[in-house]
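Open the model in your viewer and switch to a cartoon view.

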Amino acid sequence: MIKKRCLLLIAALFVAISVAFATEPQVVVFNGKKYVAHTIVSGDTLYSLSKAYGVTEDDIIKAAMEISGERLTASQLKIGEKLFIPKKDEDKKKTKRSKSAYRTHIVERGQTLYSIAKSYKISVAILEEDNPTVDAAALAPGTELNIRRSEMGYATTEEIERVERERGATIEVGEGYHKVNPGETVYSLSRRYGITEEEFLQLNNLISSADLKAGMVVSVAKSAEDAESTKSGDRIERTERAEVVATDTTTNDRRSFGEWIEDLFTADEEADSVELKPVDVEFLTLGRHNTLNVALMLPFHIRDKANSNYVDFYKGVLLAMEDLKAEGYSIDLSVYDTEHSAQKIKELVDYEDGLLDSHLIIGPVYEDELRYVLDLAEDNNIPVVSPLADIEGIKSPVLFQMQSEESFKYDKFSDVLDGSRELVMIYASSNDTAFAEEIKAEAKQAPMRELNFVFNRESYFYNRNADGSNGAFVDIKEYMRTQSAKAYVIVADRDTDIDRILTTLSSTRASIVDRGFNVGNYMIIGNRKWSRLANIERQSFFRNNVAFLVPYHAKRSDRAIRIFDGRYIAAYNTLPSMYSYRGYDAAMIFCRKMYEGIGRDIENELFMPLTTPYRFSYIDGVYVNTEWTLEQYTDHFHIEIR
């Protein structure tokens, strides 16, 4: 409802409003504009009022803002209160807008007028006004829609969905489409129509299963070309990537990436003889006195909610900009809110000339949103920095992955997993089996023992049988006294179990030492997920020589971090997060390299803007960061880094 403060303000404004007492309706004039004073009755909605008075819902909302100073929403309509609606001047001819006042949207399969309105945050009424020949109930793929630029971004998703509900929007669903019923999921629909979940999401431009809503009309059939490409269990997606050279032993022909990779998966034994050759691109090297144009693409809002993590990332970038300016560099930073939406990114690429003028693009942060940006970047030799994602499926010679590459994760544990230590896997009732399999895959040469941990007022250990059940009881005191060097791997994933195992190991060790006996050298390979668990006593990390592999290290006692933290707190009155540090690193590394020259020689450089190292290697078609940081907690209550 309209707040009392708004009503009092409206009442006070009436001193400056001349009232024309026409019989019906009552018209008022404010700042030279005419408004109809409408008394809200039961059943009134913004949509019904906009139709009754021949204006748009946004016109009503803007009028309320002009008169009361506060934004009006549908939930604020209260029976008996007055609402001032702009009076439509019947005599005034509509002003024809220039073509530049609109964006052109090509309707894709499964899109409705409402889904398009949501993506542009524009009211349905304005879409209908600007596209009078379009039938909302039969919106065909390929239809061109005018999207009024001046109205984009004003309508909320909630308002558009309310209009959809009020109209009881229905669409005649044809062959190849399906209207989603309550309770239906991506999984159930993909199974029903014989496609994979990934294909279903791609067909309908959905980011995840959570984007599927009851009432949506979705595409459930692939095009004939797509169906042919995936016949017989073909595992690849069609793509339109930059041309690459592939060696064919019979024709030595030049094929597109999509054609070459398709042949690769269908060539049976011959596939092993085909090699993907890296594509060299020539990035721009700026002169010292030129201005670098940087585009920063982050999801500041996700489903209309602000995302503080990426605000932190942006703040880190801004501090980097200060330092780069102090070093004498001239940089123009353009910031884009991607909203964690592939459709939004596609629109930015299609319509934002600033992206085309960029020399460097940082973001987007999600792999599935990179493809639109990479098409632009490859055509124009623009380096694209993926600051947080571990890239799995996309390959591009212009792409740089800052996140530590998973395949290099255990390199710094090579002296632990090489067979020189006995590996002891400790399970409980709930376990992180993926973590266990990672370790086993890396430690095939190491002698291994598996134990089960059980807590029943006290801690007990048992040999673990092949089926996971308890075997013979193990006296942990006697076991720890054996002199062989050991590395314990706690597979349990509940914080209470992890804490009890750590406490039991450290207290047992202390008890043995206090009685004058020796304890075999041991350490614990920690799971970095422990940092997100609340009930683990951090002191036990030191007592057990726990070692973690982390993609980012920022110890607040380090001088570089301490200086950065002080500047950050002074600027933003809050402590930085890991996102803040990564934002700073991304800008410092790649903005400097744009002036020095980004070439294949980047593989020989070690970068460390703060305390985390980065080293990039061109692997399988992407520049990836191969550096991980090993944090070793010692019983001297010190953390060693290597």
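Two strands count as paired if DSSP finds at least two bridges between them. Keep that cut-off in mind for the first stop, and note that this is a predicted model.

Select residues 422-427, strand β16, and residues 448-455, strand β17. These two strands pair in the parallel sense, over 5 bridges. For one of these contacts between strands, pick isoleucine 426: its bridge partner in β17 is leucine 451.

Next, select helix α15, residues 433-442. It packs on the sheet and touches β16, β17, β20 (486-490) and β21 (522-525). The direction of α15 makes about 170° with that of β16.

Now show the sheet itself. In what order do its 9 strands come? The order is β19-β18-β17-β16-β20-β21-β22-β25-β26; the sheet is open and its pairing is mixed. Go to the edges, β19 (470-474) and β26 (638-641): each has a single partner strand, so one side of each is left without a neighbour in the sheet. On average, neighbouring strands here are turned by 30° against each other, direction ignored.

Select helix α17, residues 495-514. This helix lies across β16, β17, β18 (459-464), β20, β21 and β22 (546-550), and runs at about 170° to β21.

Finally, zoom out to the whole protein. It has 20 helices and 26 strands. Of its 642 residues, 45% count as buried. The protein exposes about 32,600 Å², with carbon and sulfur atoms supplying 49% of that area.

Terms used. Residues numbered from 1 in each chain as written. Predicted model: local features only at pLDDT ≥ 70, side-chain atom pairs only at ≥ 80, totals over all residues. Heavy atoms only, no water. Helix = DSSP H or I, 4+ residues; strand = E, 2+ residues; numbered from the N terminus. Axes fitted to C-alpha atoms, helices over the stretch in contact; angles between N-to-C directions. Contact = heavy atoms within 4.5 Å. Buried < 20%, exposed > 50% of the residue type's maximum accessible area, 1.4 Å probe, protein only. Areas by Shrake-Rupley, 256 points an atom, 1.4 Å probe, with all protein chains shown as cover.
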